[in-house]
Amino acid sequence: MAAARGWPRKLAAVAGVLPGGGGPGPVPETAAPATAALYVHWPYCRKRCSYCSFNTYVVPAVDEAAVRACLVREAQTLLRFSQVHSVTSVFFGGGTPSLASPGTVAAVLEAVAGAAHLPAGAEVTLEANPSSTSASPLAGFRAAGVNRLSIGVQSLDDAELRMLGREHTAAEARKAVEAARGLFPGRTSIDLLFGLPGQSRDAWAQRLEATLGLCDDHISLYQLTLERGTALAAQVRAGALPAPCQDLLADMYQTARNVLVATGFRHYEVSNFARKGALSTHNLSYWRADQYIGVGPGAHGRFVLRGEGSCSREARVQILEPVAWMREVQSQGHGTRSRVVLSPLEQLEELLTLGLRTDEGITHEPLFSSPAAPLGTGMLMPSPSLALGTQRWEHFSPQLSLQAVFGEPGEARALQQEGWLVLDSGGLRCTWAGLAVLDSLLPDLLWQLQRVLGAARRPSRGTLAEERAGGRGVRAVSGHNG
Ligand SMILES: *[C@@H]1O[C@H](CO)[C@@H](O)[C@H](O)[C@H]1NC(C)=O
Ligand code: SF4
């Protein structure tokens with residue numbers, strides 16, 4: 001149980017003693033041809049859901065032609081900066097990108113294909129809400145180049161959907177999933193929330209069963225978190241709704257993974273389940289610390305500015321507010337709010353925090369060593385030909401091996417002995433039990449990493465990695481980019 005393991009006090013003990021963030025210079029990227037995943041943020045919704053803290057706006061009218069032109073221009077600019085020669089996947093998130101017209105999606109994809117290579121069959125996902133998802137617009141998105149759909153079902157109970165402030169009913173959710181499966185067979189994912197205020201263990205078991213009768217081969221499961229400033233959090237604080245208890249939440253999560261695995265799903269990442277190899281290539285590239293480019297208001301990216309002669313990985317965030325973002329794109333070609341060169345330690349912290357979210361952990365096996373691998377090729381099976389399985393690690397840490405950092409007596413070894421972690425020739429990964437409590441294991445591991453790299457420092461509120469890529473905390477809130 002997550003509650004059984006607390007945050008280690010020793011982290012607090014060293015805080016402030018040693019200088020922050022140091023280490024040698026940034027890790028140079030190799031000269032291999034650059035690839036990246038690309039995220040596109042559509043920043044509008046029709047109505048704000050009661051639990052939502054994402055970067056989304058409800059406006060009377062959207063100037064879609066202007067937004068489209070800016071998305072296209074920013075994608076072109078950032079692809080030029082990064083000199084990416086091949087885009088491995090594209091993800092349209094939001095907001096509610098299914099409210100955009102297929103023409104906008106097509107324009108962005110054309111721009112990507114024009115500025116870099118977009119291999120035929122590369123995963124192109126669109127997030128869709130059931131209320132904006134009838135068969136005909138979906139067919140338009142498919143014609144525009146979308147080949148995977150992620151549907152924000154969230155619940156299959158009308159009372160829960162009302163509490164969440166969603167626009168759709170359970171019946172509409174079912175219809176949307178059925179229409180999507182007809183058009184994107186094997187490539188329709190659904191998002192589901194658990195831990196709603198007042199939700200009982202039995203109610204959750206019923207939702208799961210209903211979901212199994214409806215779903216395709218991919219499910220993203222999120223624990224509802226009550227984010228400050230949301231309507232739902234205010235209701236709970238005012239006592240109008242009960243706060244979910246931690247033991248029940250842990251139990252719901254455990255029930256879900258047992259049920260899903262028993263029905264043929266692979267629990268391949270903390271929040272994600274897939275069968276028949278239907279893993280999300282796009283999200284895997286976050287968890288594997290590949291390069292990704294973020295386009296649109298508030299989008300995040302991690303890439304090297306090769307076009308500018310740089311060899312350092314940067315964290316980049318675009319301007320949050322759509323109108324301000326558009327003004328900047330129109331004048332500068334991109335609306336970047338901040339860029340930070342990541343230190344070697346920060347890069348390894350990201351690799352560790354994100355890599356351990358997957359069942360494969362931190363290994364080398366290239367999933368889609370450009371271009372995208374076909375689906376269902378057993379993408380995550382460790383390859384016996386790749387001895388030691390630590391080359392992914394070595395890419396970021398050529399000098400200090402995974403074994404050198406975590407193989408010595410210390411935190412990682414203790415976690416292995418307690419049954420949470422494995423370090424072997426396949427790399428470093430969580431056990432089945434460990435994956436459920438990853439957030440409580442990370443402080444120990446980050447501490448060991450910092451200590452061995454000689455750069456112990458105050459652990460920030462969250463690492464850069466947690467801030468992004470499904471990582472608002474280990475069990476992310478919901479299926480939207482922020
Ligand atoms: C997958 O990536 C998309 C796009 O960044 C994001 O909105 C979504 O939350 C991610 N899903 C998970 C489970 O992390
Ligand atoms: S939860 Fe999703 S659909 Fe609801 S307001 Fe937020 S971004 Fe929009």
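User: What makes the contact between the side chains of Glu-269 and Arg-357 a salt bridge?

Analyst: Keep in mind this is a predicted model. The N to O distance for Glu-269 and Arg-357 is 2.4 Å, and the cut-off is within 4 Å, so the pair qualifies. Glu-269 sits in strand β7 and Arg-357 in the loop between α12 and α13, so the bridge ties together parts 88 residues apart in sequence. Both of these residues are buried.

User: Why is Asp-216 called buried?

Analyst: Its relative accessibility is 4%. Buried means under 20%, so Asp-216 gets that label.

User: And what is Arg-181 called, buried or partly exposed?

Analyst: Arg-181 has a relative accessible area of 32%. That falls between the 20% and 50% limits, so Arg-181 is partly exposed.

User: How do you know that Asp-216 and Arg-181 form a salt bridge?

Analyst: Their closest N and O atoms are 3.7 Å apart. The limit is 4 Å, so this pair counts too. Asp-216 is in the loop between α7 and β6 while Arg-181 is in helix α6, so parts 35 residues apart get tied together.

User: What makes Arg-275 and Asp-217 a link between distant parts of the chain?

Analyst: Their side chains meet in a salt bridge at 3.0 Å, N to O. Arg-275 is in the loop between β8 and α10, Asp-217 in the loop between α7 and β6, and they are 58 residues apart. Arg-275 and Asp-217 are both buried.

User: How many salt bridges does the structure hold?

Analyst: There are 16. Asp-157, Glu-160 and Arg-207 are linked in a network of them.

Note on methods: Residues are numbered from 1 along each chain as its sequence is written. Chains are lettered from A and ligands numbered from 1 in the order in which they are written. This is a predicted model: local features need pLDDT of at least 70, side-chain atom pairs count only at pLDDT 80 or more; totals for chains, interfaces and linings use all residues. Side-chain values use heavy atoms; hydrogens and water are left out. Helices (H or I, at least four residues) and strands (E, at least two) are DSSP runs, numbered from the N terminus. Buried means under 20% relative accessible area, exposed over 50%, partly exposed in between (1.4 Å probe, protein chains only).
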